[in-house]
Amino acid sequence: MPLRAHEAYELNHLLMGCVNTLNNMGVFLHQVKDPELKALLEKQLDAHIQDYNVKVQWAKQGSSTEKLNVPAVPTKSAGTPKPPTAVSPNPNGTTHDDRGIATAYLLGLKANGKEYASASFEADDIQLREFLIDAFTMCNRHAYEIAGWMRKNGYYPGEQASSAYLESLAHTYDPAPVPAHVQ
């Protein structure tokens, strides 16, 4: 079945996001200094290329049977978080440091992930819908790894909620009763 108009519009927007991600990753891989961050970017680049190419198939053929290689859930965290370190914008910069690379990439993953989730709700074609869900999952898992690297290096705050807040939260909500027709 050919793409419906709203699917084609969503696909165009998602393809532009992919072009942006791939272009940025090319620059980032030439500027990154930290070997662990570089390895993450290199590992994730292949999935982004496949994602883009599958979307190109959808745009050219109106369909694709290729299944996206969704990365597995990471089995461990990136390490012990460091306390956050201060940062200032540099509007005169000509290159990115590792923190800037990770920040730009993480924000791009989060934005693209939201676009995939939204587009998946609108897709009428079940194969396209499943592909978009897989693409969301890919972005989600990549973002988890990048955010972990950032926390470990003190670039992404993620402190625990206070015990007072957690206690207040626990006392705010009670379980819903089971409806009579379910019992």
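At what angle do α3 and α4 pack, and how far apart are their axes? I get an angle of about 155° and axes 8 Å apart. That makes α3 roughly antiparallel to α4. I call angles under 35 degrees roughly parallel, over 145 roughly antiparallel, 65 to 115 roughly perpendicular and the rest oblique. Axes are lines fitted to C-alpha atoms, for helices over the stretch in contact, and angles run from 0 to 180 degrees between N-to-C directions. Helices (H or I, at least four residues) and strands (E, at least two) are DSSP runs, numbered from the N terminus.

Before going on, I note the source: this is a predicted model, where local features need pLDDT of at least 70, side-chain atom pairs count only at pLDDT 80 or more, and totals for chains, interfaces and linings use all residues. Residues are numbered from 1 along each chain as its sequence is written, and side-chain values use heavy atoms, with hydrogens and water left out.

**α3 and α4, continued.** I checked the hand: the crossing of α3 and α4 is left-handed. A crossing is left-handed if the near helix is turned anticlockwise from the far one by less than a right angle, and right-handed if clockwise. I sorted the contact of α3 with α4 by class and found 18 nonpolar, 5 polar and 3 charged residues. Ala, Val, Leu, Ile, Met, Phe, Trp, Tyr, Cys and Pro count as nonpolar, Asp, Glu, Lys and Arg as charged, and the others, Gly among them, as polar.

**α1 and α2.** Next I took α1 with helix α2, residues 35-61. Their axes come within 10 Å and cross at roughly 150°. α1 and α2 are therefore roughly antiparallel. α1 passes α2 in a left-handed crossing. Their contact has 16 nonpolar, 3 polar and 4 charged residues.

**α1 and α3.** I then paired α1 (residues 5-31) with α3 (residues 98-122). The angle is about 165°, and the axes lie 10 Å apart. This pair is therefore roughly antiparallel too. α1 passes α3 in a left-handed crossing. Contact means heavy atoms within 4.5 Å. On α1 the contact residues include His6, His13, Gly17 and Phe28. On α3 they include Asp98, Tyr105, Asn112 and Tyr116. The contact of α1 with α3 divides into 9 nonpolar, 6 polar and 4 charged residues.

**Largest pocket.** How much space lies in the largest pocket? I read about 400 Å³. Of its 16 lining residues, Val87, Ser88, Asp97, Arg99 and Gly100 are the closest to its centre. α3 gives the largest share of this lining, 5 residues. By class I count 5 nonpolar, 8 polar and 3 charged.

**Cavities.** On a 1 Å grid over the protein atoms alone, a cavity is a set of points where a 1.4 Å probe fits but cannot get out, and a pocket is an open set with protein on both sides within 12 Å along at least five of seven lines; lining residues have an atom within 4 Å of a point. Grid points are joined across faces, edges and corners, and a volume is the space filled by probe spheres set on the points. I find 3 cavities of 30 Å³ or more. About 50 Å³ lies in the largest cavity. Its lining includes His6, Glu10, Ala119 and Leu128. α1 supplies the largest share, 5 residues.
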